[in-house]
Amino acid sequence: MPVPHQATLDWLHGKASVPSDLRTADWQRVPVELRERSFFLAGVSEAEILQQFRDEAQSVAAGQTSYSESRARLHDYLQAAGYRPEPGQEGTIKDLRTARRQTVALQTNVEAARAFGQWKRQQGALAAFPAVRYFRARQAMVPRDWPARWRAALAATTTAGAAPGHTEGDLVALANHPLWTHPGFNQLGSPWPPFAFGSGMMTSPVSRAEAADLGLLRGDIAAMLQPQDRSFNETLQTHPAVTSQPLRAALADHLQGFAEWHGDTLLFTDPNGTRPGAADQVGRWITAPLPVDPGTGQPFPSHQRDALQALADDPGGFVNPRSRHRDQWQDLRRLIQRVAGPEQSRSLLRGLAQAGDDPDSLLGEWLADTLLPSLRRAPAWDAARGRTLDSAPAVEALLQAILSIL
Amino acid sequence: MQIHVQFRDQASDRLHQVAAGLLGDRTELHATMAMGVEAAIIDHLRTGGYIGRTNALGAPSTGYWGHLANSVASTADQAGALVSIPHRGAALHYYGGIVKPTQKKALSIPADPSAHGVYARAYPQILAFIPRGARHDQHIVGFLVLGKKVTATRGRNKGQPVTRPMSREEGGKLIYVLRDQTTHQPDPGMLPAEERLRDAAAQAGRAYLDNLLN
C-alpha cells in the first residue's frame, strides 16, 4: 500500500528533533555530551558569555532558531551584559560582538553536533552505507585545497578504500578510512566534520553499490568496515594562554573532574566517553567529582563508574537481561574498551560483532558467561564487593582484573 | 516547524515479509532504511541546485541550504523510522505560507547585500526609519536606511541626539524593507519525490538483508 504524501511528510508542530538511535543508551546522551563540552570550553574564559553561546548553538542544532536569530540574541545579550573586547581587539575575530566570531562559534559547534549524529548513525548502518562523500556545502572564508590534503593523507595512510581525490567532486572514502583522522587532512581530530574551522564542507553517506562502483571495496579494507564507537568529546582539548601556575590550578579546579593539564594542553578527560587511557588514568577520570550541570542543576553523572559499581554490588542482577541495569551494559563496555588495548578489544568485540543479532543480548551473555565467572576468581573482585568505588585505586584494581580476563 | 518523513514496514511489503521471517528486532533494519532516505535527501539538495545557490541580493551566501542538508537526521524503532529536517525554515520553504512578526511590529527584509543574514537590531551601522508612502504596498510598514546621529535643533527633542536618515550624497541607502507579513510560495521540489524516497529506503533495506544472508 503506497504511503500517502501527507502521511510521509508529517509535521510535528514545534517539536525539536535531536538525532538519536533509540537502541543505544549512550547515543541518547549526546545532549549531555554537548553540555559537558560547552562547560569545558566555557571554563577557559568568559564563562557566562560562552554559556550563552552554548545555549544558542543547542537552539540552532535543535531547529528552534536560525543562525541569524541566534546571532541577534547574542548581540542583545552582549549589549545587556556590557561586554567589551580587550583593547585592540575591537572588530576582530576575538571580539565576541562581531558576526564573524559569532558565526564561527555557532557553526563550528552546530556542524560538529550534527555531523557526529550522522557519523554515529552511519556506524550502525555500515553494511549498507560503508562510505562517505566529502563535499562543499557553502563557500569558505578561507578556502583550503581539500583535494591536495586528501591526496597527501592517502599517501600517508593507504589508497585502498578511497577515491583518488583529483577534485572536490571526487572525495569519497570508506567511513572508517584512516585518512579522516590524519592530521594532514583533519586539523580538529574527530572523525566527523568540521575538519577545519569554517571549512564549509560536509559529509553524506554513500551506498554499498556506489562504493563498489567507485572501486572502494577492493584491497585491504576489512578494518575499515568495522563499526567504531567514539564519544563526541574523545579528542577534546585546548591550549589556554595561561602561564601563571596559580591560575592554571584555579582553572583545573573550576573544571573539576573534567580536565587535566598535560604540559600546556588542557585535556578533557571525557568521564562518560571513550577517550582511551591506562587503567590508573581512567580510574582517576571516572571517579573524580564532577561539577553541576547547568542544564539540570544536578552534578554531571558518571555513568561508567555507576555501571562498575552496579556490577560490583549485584553481579547476578546486573547481568540479568530483565534488570534495570541493562542500560548500563553499554557504559561498562565503553569503560572496558577505553582501557583495553587493540588486541584485547578485538577479543571483547569478537563475540559481539554478529550482524543482525541484538548486540545488547550478546553483551549480556558475555557478561554472564565470560566476565563474571572469571572476575569472581580475582582478588580485586572480593575487595570491590560491598565497597563504594569512589577512589581511583579501587577502580584501577577492578579494571586490571577485567583486562586480565580478555 | 520541521519536516518529517515517516515510513513504516508497509512501505515495502516484500521486504517486510523477509524481515519478519529473519529478524526479531527490526530496529537496525529501519535505521538502515532511514539512512537511505537521509542520503537521498542530501544528494537531492546537493545535485538539485539548492546547496550553493546564490541569493537574489548577490550577497555572500549564509550557506542556508548546506546547513539544512547538514541537519537531516533520523530515528528508528521496531515499527518504522522517522527522517527529520530540524532546520529553521525548512517547512516554510517546502509548504510555503505567510509569516507575520510575533515579537516586533514588523519583519525586516534585507534590501542590501550587507543586510543578508543579519537581523536589523544587529546591523553594525546606525539605521533610520522612514515610514511608508501612500503608493507603497499595504503590507509595507516602512524602511530602514543608513542613518546618522545629529542634535535636534527644534521640536520636543531639541538639544537631544536623534537619528536621521543619511542623504544619498552622504552615502545613504536602503538597507531593510519593513513588512507586517511576507508570503512564501511552496517549493515541493526541495525534497525528492515520494517514490524516490521509498525506493531509497527499500534499496537500503535490501542491502542490509543481503549482508545478513551472506
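Are A:Phe116 and A:Trp119 buried or exposed? Both are buried (under 20% relative accessible area; exposed is over 50%, partly exposed in between, with a 1.4 Å probe and protein chains only). This is a predicted model, in which local features need pLDDT of at least 70 and side-chain atom pairs pLDDT 80 or more, while totals for chains, interfaces and linings use all residues. Residues are numbered from 1 along each chain as written, chains are lettered from A and ligands numbered from 1 in written order, and side-chain values use heavy atoms, leaving out hydrogens and water.

**View 1. A:Phe116 and A:Trp119 form a stacked pair.** Their ring centres are 6.3 Å apart and their planes at 20°. Rings of Phe, Tyr and Trp (its six-membered ring) pair if their centres lie within 6.5 Å; planes under 30 degrees apart are stacked, over 60 edge-to-face and the rest tilted. Both residues sit in helix α5 (residues 99–123) of chain A, three residues apart, about one turn of the helix. Helices here are DSSP runs (H or I, at least four residues), numbered from the N terminus.

**View 2. Ring pairs build a cluster in chain A.** Its members are A:Tyr134, A:Trp146, A:Trp150, A:Trp180, A:Phe185 and A:Phe195.

**View 3. A:Arg333 lies in helix α12 (residues 329–339) of chain A.** With a relative accessible area of 12%, A:Arg333 is buried. Its side chain joins that of A:Gln330 through a polar contact of 2.5 Å (N or O atoms within 3.5 Å; within protein, one able to donate a hydrogen and the other to accept it, and sequence neighbours count only if both atoms are side-chain atoms).

Notes: Helix = DSSP H or I, 4+ residues; strand = E, 2+ residues; numbered from the N terminus.
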